[in-house]
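Could you walk me through the salt bridges of this protein, and then through its surface and the confidence of the model?

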Amino acid sequence: RKQLITITVTDPVCVSTATVLWPATTVQLQLHLLCSQRRPDYPYLSHTQTYASLKRGSQGQFPITQNVTVVEGGTANMTCRVDYNDNTSLQWSNPAQQTLFFGDKKALRDHRIELVRATSQELTIRIGDVSLSDEGLYTCSLFTMPVKTTKAFLTVLGVPGRPEITGFTKPAMEGDVITLTCTTTGSKPAANIRWFRNDKEVQGTTEVNATGKSFTVRSSLQFHVDRRDDGVAYTCSVEHVSLSNPYMTTEVLEVHYAPHLEITHSLIIPQEGQYFKLECVSIGNPIPEPVLWSKDGGELPDIERMIVEGRELTITTLNKTDNGTYRCEASNHLGTSSAEYILFVYDPNALGQHGPDHALIGGVVAVVVFITLCLIIVLGRYLARHKGTYLTHEAKGAEDAPDADTAIINAEGNHVHAEEKKEYFI
């Protein structure tokens, strides 16, 4: 039995109503838009437009969608499908419930949104140059009686900005306390910041602040500066789900510190007539210079044989007059340091005539004698112990004798009894 029903279709442009005979195998409604005024931002809709086709077999199904995740600035494809259809229209709407596409008809003026495919069973659109404001629930509508809808969430990942390190003072002074801060903006969700001292990870303090739909992340690293930090690379690494490789930025710390000097020498036993070199090794930043050499608190006495080249002092031919205390001194703007070396020049003839080291030989002999005496004592105690045991068994039975003669008789008696206990076998 057929009856008259009234169908109302609501569109972003206006509302249209038609009265049709229901049910029917296929009823196509051509709704005349009787709008007194059209919205200017929907120029693609005609005054007479087919909006829906109703099929009794499609009333029990819902459109199928999937959530989509895209990186900010990328492209998102939104697909809506149905298993079977008879020209029933599909529609995509944005989170603000503005119609994007009704079938193959574009409804919203946005050059970023394009139609990919429009069939009776699928409606796919593409959103280009996606921004964080595009995130939200998108609605796919199937215009059956009643209208069926399914939601799909578009997630937009905010790409973090490249990190910046602040707080470096060039140069830093030994003993200072400095705070390095690494900052990255625009991430969604919030990015993760890690610190590295050269190749070793160190822990910083992280702060996260929301800025609209994105986040600003800061991580601070505080430490006391010493000379071991000079030339050390501090790296800030930003990790995020939108990045295939972390963003990194590195700063190399320069530390100024007071000098420290040491003197190295070319010969262990300097001898007369030899070539001899002293070097003043300096550690400091800035490099301490110039290096000043002196001997016994005064100037070098023989500048013809004693040659100074930078940090080195060379004595071309050693003699006994070179004996004394040599001193090098250098400074930078943080302080002054010095080092000393006592030179004693040996007579090579005296070293050649020097006989065997009697003290060393005497020590070796003493050790040998001591070890021999210890072995003799241990061996004597061992022999004495075994001999006593033998005598004890020899005199067994004489310990209860009242005098020596009786003891001997008892001991001998034991031997007699021992002989009597012998058995002979034939």
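E201 counts as partly exposed, at 33% relative accessibility (buried means under 20% relative accessible area, exposed over 50%, partly exposed in between, with a 1.4 Å probe and protein chains only). Its side chain meets that of R194 in a salt bridge of 2.8 Å, N to O; here a salt bridge is a side-chain nitrogen of Lys or Arg within 4 Å of a carboxyl oxygen of Asp or Glu. R194 is partly exposed as well, with a relative accessible area of 26%.

Please keep in mind that this is a predicted model, in which local features need pLDDT of at least 70 and side-chain atom pairs count only at pLDDT 80 or more, while totals for chains, interfaces and linings use all residues. Residues are numbered from 1 along each chain as its sequence is written, and side-chain values use heavy atoms, with hydrogens and water left out.

A search of the whole structure finds 16 salt bridges. Among them are these:

| Salt bridge | N to O distance |
|---|---|
| E135 and K188 | 2.5 Å |
| E201 and R194 | 2.8 Å |
| R327 and E329 | 3.6 Å |

The side chains of E135 and K188 meet in a salt bridge. E135 lies in the loop between β11 (122-127) and β12 (136-142) and K188 in the loop between β16 and β17, so the pair ties together parts that are 53 residues apart in sequence. (Strands, E, at least two residues, and helices, H or I, at least four, are DSSP runs numbered from the N terminus.) Both partners are buried: E135 has 18% relative accessibility and K188 has 13%. Beyond four places in sequence, K188 touches residues including L132, V156, F215 and H240, where contact means heavy atoms within 4.5 Å.

D110, R112 and D134 are linked in a network of salt bridges.

Now for the chain as a whole. It holds three helices and 29 strands, and 36% of its 426 residues count as buried. It exposes about 25,800 Å², of which carbon and sulfur atoms supply 54% (Shrake-Rupley method, 1.4 Å probe; for residues, only the protein chains shown count as cover).

How far can you trust the model? The average pLDDT, the predictor's confidence in each residue from 0 to 100, is 80, and 74% of the residues score at least 70. Over residues 8-58, however, pLDDT stays under 50. Where pLDDT is low, the predicted coordinates should not be read in detail.
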